[in-house]
Amino acid sequence: MIWTIVIGIVAGAIAGKIMKHNNQGCLVDLLLGIVGGWVGGNVLGWLGVSWDGTIGQIGTAVVGAVLVLWIWAKIK
């Protein structure tokens with residue numbers, strides 16, 4: 001559970017930097033990373049892509065979080 005939180009924070013922070021999202025704090029990064037992990041896992045799964053290990057988990061969450069931020073920017 002704690003490892004998931006750490007990965008979520010890291011992935012959310014990385015995605016925020018990539019998308020030049022205003023730093024909203026650790027809680028927003030955590031939520032973004034967790035939602036991003038779910039979105040990224042589904043999208044990459046549909047494409048037949050599977051990344052293993054810690055780096056793969058972070059990469060999957062970053063891809064998903066970037067997608068979430070991109071969609072959010074288009075909605076706003």
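Good morning. I begin with the largest nonpolar core, which has five residues: Ile 7, Ala 11, Ile 58, Ala 61 and Val 62. A nonpolar core here is a set of buried Ala, Val, Leu, Ile, Met, Phe, Trp, Tyr and Cys residues joined through side-chain atoms within 4.5 Å. Buried stands for under 20% relative accessible area, exposed for over 50%, and partly exposed for what lies in between, with a 1.4 Å probe and protein chains only. H1 and H3 are the elements that give two or more residues to this core, and the largest share, three residues, comes from H3.

This is a predicted model, in which local features need pLDDT of at least 70 and side-chain atom pairs count only at pLDDT 80 or more, while totals for chains, interfaces and linings use all residues. Residues are numbered from 1 along each chain as its sequence is written, and side-chain values use heavy atoms, with hydrogens and water left out.

Let me turn to helix H1. Helices are DSSP runs (H or I, at least four residues), numbered from the N terminus. H1 covers residues 2-18, and its 17 residues should span 24 Å at 1.5 Å a residue; the end C-alpha atoms are 24 Å apart, which agrees. The expected span is 1.5 Å times one less than the number of residues. After H1 comes Lys 20, with a positive phi near 55°.

Which residues of H1 are buried? They are Ile 7, Gly 8, Ala 11, Gly 12, Ala 15 and Gly 16. Seen down the axis of H1, these buried residues fall within an arc of 160°, so they line one face of the helix. The arc is taken from the directions from the helix axis to the C-beta atoms. On the other side of H1, Ile 2 and Lys 17 are exposed.

What covers the buried residues of H1 includes helix H2 (26-46) and helix H3 (53-75). Contact means heavy atoms within 4.5 Å. Not counting residues up to four places away in sequence, Ala 11 touches Gly 33, Ile 58, Ala 61 and Val 62.

The axes of H1 and H2 come within 7 Å and cross at roughly 100°. That makes H1 roughly perpendicular to H2, a term for angles of 65 to 115 degrees. Among the residues making the contact are Gly 8, Ala 11 and Gly 12 of H1, and Asp 29, Leu 30 and Gly 33 of H2.

Finally, Ile 55 is found in helix H3. Ile 55 is exposed, with a relative accessible area of 70%.

Methods. Axes fitted to C-alpha atoms, helices over the stretch in contact; angles between N-to-C directions. Parallel < 35°, antiparallel > 145°, perpendicular 65-115°, else oblique.
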